[in-house]
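Below are my notes on the model you sent. They are meant to be read with the structure open.

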Amino acid sequence: MSTNGYRVTASTGIHKGDRDYQQDQVKLLSHVRTKGCVMAILADGMGGRSGGRKASDQVMMTAKQLFDRYSPGIDDPVAMLSQLVLEAHMVIKLTAISTEEEPHSTIAVFVINPDGSCHWSHAGDSRIYHFHGKQLVKRTKDHSYVQTLVNKGELTDEQANFHPQSNILMGCLGTEKEPPMDSHSIAKLQPGDSLLICSDGLWHYFTEAELGSVLSALSAREASEFLVDKARRRAKGSGDNLSLAIVKVEEPTA
């Protein structure tokens, strides 16, 4: 897809890992009316076999509805993403009332507008990374117990990755309290930029330097296949569901 002086290539990857069922979901959506406007949305569902899947389903449905109604250049993208997080949270809570399960989900979402600006939001421990070439520009910070220890200086990022309680979330969608929500905006993406959105079943197995190297060296499709395959091997038979989407910004082709 070409837009406003650059070209965007994208790919998704998903695997159920060593689990019996898939609760992750990931989608790349092109805007129904506006060329050059894209959304990447990822949800890691939790709460029993069907509870987690129902929760991630609700995130996907809410995202599509709000993105279809969104008018780039007129509507505030950060407000739209905030509305998406809160609406998905409410719908998941209502699902919980009608079933005996406790469905929860993470959310990580970004929108690229035709002007090259990018806006993201997340709740939970699914991540968004922004690289330029191999270099990490910024990534989301997890809403997790170990991240609070990192923030206090009690753990390094490296130690947090291998901490026995690394899967404990401090907030996500569908819980009693309002979800935590962090947003970030990039004024204009540049050729050489890559965006990676992924669940903890993937990022758990890589350093930031490794992710940057893979994204800079390979096409979006090759990188997504490589990362899924490598995460599966590194999991050694105990891997969680894993999902990712990659968007690369490149110089326009002549």
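This is a predicted model: local features need pLDDT of at least 70, side-chain atom pairs count only at pLDDT 80 or more; totals for chains, interfaces and linings use all residues.

1. Helices α1 and α2. Two packed helices are described by the angle between their axes and the distance between the axes. Helix α1 covers residues 48-69 and helix α2 residues 77-98; their axes cross at roughly 145° and come within 9 Å. The crossing of α1 and α2 is right-handed.

2. Residues in the helix contact. On the α1 side, the contact is made by Lys 54, Ala 55, Gln 58, Val 59, Thr 62, Ala 63, Leu 66, Phe 67 and Arg 69. From α2 come Met 80, Gln 83, Leu 84, Glu 87, Ala 88, Val 91, Ile 92 and Thr 95.

3. His 89. This residue also belongs to helix α2. Is His 89 buried or exposed? His 89 counts as buried, because its relative accessibility is 1% and the cut-off for buried is under 20%. A polar atom of the His 89 side chain lies 2.9 Å from the backbone nitrogen of Gly 174. Leaving out residues up to four places away in sequence, His 89 touches Cys 172, Leu 173, Gly 174, Thr 175, Lys 177, Glu 178 and Pro 179.

4. Tyr 6. Strand β2, residues 6-15, contains Tyr 6. At 2% relative accessibility, Tyr 6 is counted as buried. A polar atom of the Tyr 6 side chain is placed 3.5 Å from the backbone nitrogen of Gly 116. The C-alpha atoms of Tyr 6 and Met 60 are separated by 28 Å, and the two residues are 54 residues apart along the chain.

5. Pro 191. Where does Pro 191 lie? Pro 191 is in the loop between β10 (182-186) and β11 (193-198). Pro 191 is described as partly exposed because its relative accessible area is 28%, and that class runs between the cut-offs of 20% and 50%. Apart from neighbours within four places in sequence, Pro 191 is in contact with His 132, Val 249, Glu 250 and Glu 251. Pro 191 and Thr 34 are 157 residues apart along the chain, with 21 Å between their C-alpha atoms.

Terms used: Residues are numbered from 1 along each chain as its sequence is written. Side-chain values use heavy atoms; hydrogens and water are left out. Axes are lines fitted to C-alpha atoms, for helices over the stretch in contact, and angles run from 0 to 180 degrees between N-to-C directions. Helices (H or I, at least four residues) and strands (E, at least two) are DSSP runs, numbered from the N terminus. A crossing is left-handed if the near helix is turned anticlockwise from the far one by less than a right angle, and right-handed if clockwise. Contact means heavy atoms within 4.5 Å. Buried means under 20% relative accessible area, exposed over 50%, partly exposed in between (1.4 Å probe, protein chains only). A polar contact is a pair of N or O atoms within 3.5 Å; within protein, one must be able to donate a hydrogen and the other to accept it, and residues adjacent in sequence count only if both atoms are side-chain atoms.
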